[in-house]
Amino acid sequence: MAMKGAWIRDIILDLLVTLAIVIALFLDFLWLAYAIYVYTILILITRLLLLRSSGLRTVSSKQHSSAPKWIYHLLYATNVVLLALHLWLLTAAAWAVIWALAAYEQQLAHS
């Protein structure tokens, strides 16, 4: 039986990304900004590939997270809002698309 709150290990990467975004926005580390750009592009490409490939979507849907679904929405929303408020508009738009695609994939998995 899993301990309550053990799902935190399932979202650690998402938490670290949000933390990296916060640090890049407030402390202005150029290398971290580039890392966020690259990571954002990779995640966006991955989400788009998942959308196009039913085989990849099947593999992705088998990876079950015990984390509540709302936590992912909260983290994506935090990323989008912070990026937009700091005028990283293209990156914010990319995260909005990533968020929308993740929500769509979640809908497909439950239908």
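1. Read along the sequence, the protein chain runs α-α-α-α-α, and its count of elements is five helices and zero strands. The model is a predicted one, which should be kept in mind when reading the points below.

2. Of the 111 residues in the protein chain, 29% are buried. Among the contacts with a separation of 6 or more, 68% are between residues 24 or more positions apart.

3. Helices H1 (12-27) and H2 (30-52) deserve a careful look as a pair. Two packed helices are described by the angle between their axes and the distance between the axes. For H1 and H2 the angle is about 135° and the axes lie 9 Å apart, which makes H1 oblique to H2, since angles over 145 degrees would be needed for roughly antiparallel. The crossing of H1 past H2 is left-handed.

4. On the H1 side, this contact is made by Leu-13, Val-17, Ala-20, Ile-21, Ile-23 and Ala-24, while H2 contributes Leu-32, Ala-33, Ile-36 and Tyr-39. By class, the residues of the contact of H1 with H2 are 10 nonpolar, with no polar and no charged ones.

5. Which residues of H5 are buried? They are Thr-91, Ala-92, Ala-94, Trp-95, Ile-98, Leu-101, Ala-102 and Glu-105, and what covers them includes helix H1, helix H2 and helix H4 (69-85). As background to such a list, an α-helix has 3.6 residues a turn, so residues three or four places apart point the same way.

Notes:
Residues numbered from 1 in each chain as written. Predicted model: local features only at pLDDT ≥ 70, side-chain atom pairs only at ≥ 80, totals over all residues. Heavy atoms only, no water. Buried < 20%, exposed > 50% of the residue type's maximum accessible area, 1.4 Å probe, protein only. Helix = DSSP H or I, 4+ residues; strand = E, 2+ residues; numbered from the N terminus. Contact = heavy atoms within 4.5 Å. Axes fitted to C-alpha atoms, helices over the stretch in contact; angles between N-to-C directions. Parallel < 35°, antiparallel > 145°, perpendicular 65-115°, else oblique. Left-handed = near helix turned anticlockwise from the far one by under 90°. Nonpolar A, V, L, I, M, F, W, Y, C, P; charged D, E, K, R; others polar.
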